[in-house]
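Grab a pencil and try these exercises.

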Amino acid sequence: MASTARAHTNIALIKYWGKRDADLILPYTDSLSLTLDEFYTTTTVDFDSQLKHDHLMIDGQVISPDKSAKVAHFMDLVRQMSGQKAFAQIKSVNHVPMSAGLASSASAFAALAAAASRAAGLNLTPTELSRLARRGSGSATRSVFGGLVQWHRGIDDESSYAEPIMEKVDFGLEMIAIMINRQQKKVSSRGGMQASVDTSPYFKIWPEVVEQDLKAIKIAIQERNISKIGEIAEANAMRMHALTLSAQPPFTYFEASTIKAINLINQLRQTGLNCYYTMDAGPNVKVIYDQKDRPQILAALGQVFGQDNLVVAQPGPGIEYLETI
Ligand code: DP6
């Protein structure tokens with residue numbers, strides 16, 4: 001049986017950076033994210049007893065088995081859980097408003113987890129699905145749910161899953177993605193976070209930092225206080241990036257245009273606009289702001305980066321199952 005599912009990407013406001021178990025993908029800390037409506041992946045999985053290995057196609061391109069080892073490993077897990085023996089045809093399409101850009105492992109593995117588990121006959125609860133998605137990519141655990149989502153680090157496979165804390169965001173929290181560079185990142189998040197864990201002397205205090213930031217942002221969310229949310233998210237992101245700069249050898253995801261964007265957002269804030277920034281394992285900057293300030297923020301960013309390089313995103317939904325083909 002074939003099954004099709006869609007998952008939206010998410011951007012962490014409190015970052016996940018570091019695993020204490022690389023096989024189970026158990027993180028050192030909780031994290032908290034916003035699922036976005038504009039970026040998503042739709043995946044169809046069809047088990048077929050005639051196949052000799054899993055066949056993966058992304059955006060119409062066949063991916064060779066040596067480049068799809070992570071997916072094959074993930075499919076093995078689904079086979080183990082379900083008793084399904086066949087390999088599968090997997091077709092995945094990334095819906096991003098412009099070429100390349102923010103295609104992410106979060107939406108990819110959340111959609112794959114949903115489609116593959118259904119196609120294999122498993123009927124997982126959202127929590128179980130979140131645990132399964134986690135085994136593909138940590139951030140995928142959060143993309144099972146919409147809106148504002150917390151990933152509980154847990155102590156084992158069973159207790160490490162995400163939970164929505166506000167599935168329908170009822171205040172004007174929005175993000176603009178500034179597309180600074182659409183190329184593949186040089187240091188993967190997986191490699192980057194491991195290097196930080198292994199070599200940054202500051203990693204020791206990261207769990208404590210996250211605990212405090214998480215507590216504060218949850219209060220700010222309850223208060224629907226966008227400037228407080230933005231301020232905490234921005235600080236948390238820069239603390240995460242400090243873990244790359246302090247690794248041995250040091251590395252960074254920043255590029256010259258990243259700093260340009262940060263400076264511009266700081267300037268806009270001084271003029272009274274409610275805007276903040278966050279960044280992940282790549283140079284693109286995401287602006288966190290209050291919807292009512294969108295026209296002015298878009299105009300100012302557009303002058304520097306070009307309107308074509310800006311994507312406005314609103315809170316998005318969790319997993320959706322589409323008609324099975
Ligand atoms: C900076 O989820 O991509 O985006 O678990 O190794 O697949 P793996 O890593 P991944 O890391 C995401 C890192 C981040 C922060 C976040 O999304 O919380």
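Let's start with a term: a nonpolar core is a set of buried Ala, Val, Leu, Ile, Met, Phe, Trp, Tyr and Cys residues joined through C-beta atoms within 7 Å. A residue is buried if 20 or more other C-beta atoms lie within 10 Å of its own, exposed if 12 or fewer, and partly exposed in between, with C-beta atoms placed from the backbone. You're looking at a predicted model, where local features need pLDDT of at least 70, side-chain atom pairs count only at pLDDT 80 or more, and totals for chains, interfaces and linings use all residues. Residues are numbered from 1 along each chain as its sequence is written. As for pLDDT (the predictor's confidence in each residue, from 0 to 100), the protein's mean is 95, and 97% of its residues reach 70 or more.

**Exercise 1. Explore the largest nonpolar core.**

Step 1: The core has 84 residues, and Ala110, Leu112, Ala113, Ala116 and Val287 touch the most other members.
Step 2: Helix H2 (residues 105-119) supplies the largest share, eleven residues. Helices (H or I, at least four residues) and strands (E, at least two) are DSSP runs, numbered from the N terminus.
Step 3: Both domain 1 (3-170) and domain 2 (174-313) put in at least three residues; domain bounds like these come from an automatic or database domain assignment.
Step 4: Take Val287: leaving out residues up to four places away in sequence, its partners include Met175, Ile178 and Tyr277.

**Exercise 2. Describe how domain 1 and domain 2 meet.**

Step 1: Their centres, taken over C-alpha atoms, are 23 Å apart.
Step 2: Count contacts (C-beta atoms, placed from the backbone, within 7 Å): 25 residues of domain 1 are in contact with 25 residues of domain 2.
Step 3: On the side of domain 1 that touches domain 2, strand E1 (2-14), strand E4 (31-48) and strand E9 (161-166) each give two or more residues.
Step 4: E4 gives the most, with six residues.
Step 5: That side of domain 1 splits into 16 nonpolar, four polar and five charged residues. Here Ala, Val, Leu, Ile, Met, Phe, Trp, Tyr, Cys and Pro count as nonpolar, Asp, Glu, Lys and Arg as charged, and the others, Gly among them, as polar.

**Exercise 3. Decide for Ser64 and for Ser139: buried or exposed?**

Step 1: Ser64 sits in the loop between strand E6 (61-63) and helix H1 (69-82). Ser64 has 7 C-beta neighbours inside 10 Å, so it counts as exposed.
Step 2: Ser139 belongs to the loop between helix H3 (126-134) and strand E8 (148-152). Ser139 is buried because 30 other C-beta atoms lie within 10 Å.
Step 3: Beyond four places in sequence, Ser139 is in contact with Asn10, Ala12, Tyr16, Ser105 and Ala106. Ser105 is 34 residues away along the chain, yet the two C-alpha atoms are separated by 7.5 Å.

**Exercise 4. Check the span of helix H6 (residues 226-245).**

Step 1: The expected span is 1.5 Å times one less than the number of residues.

How values were computed. Contact = placed C-beta atoms within 7 Å.
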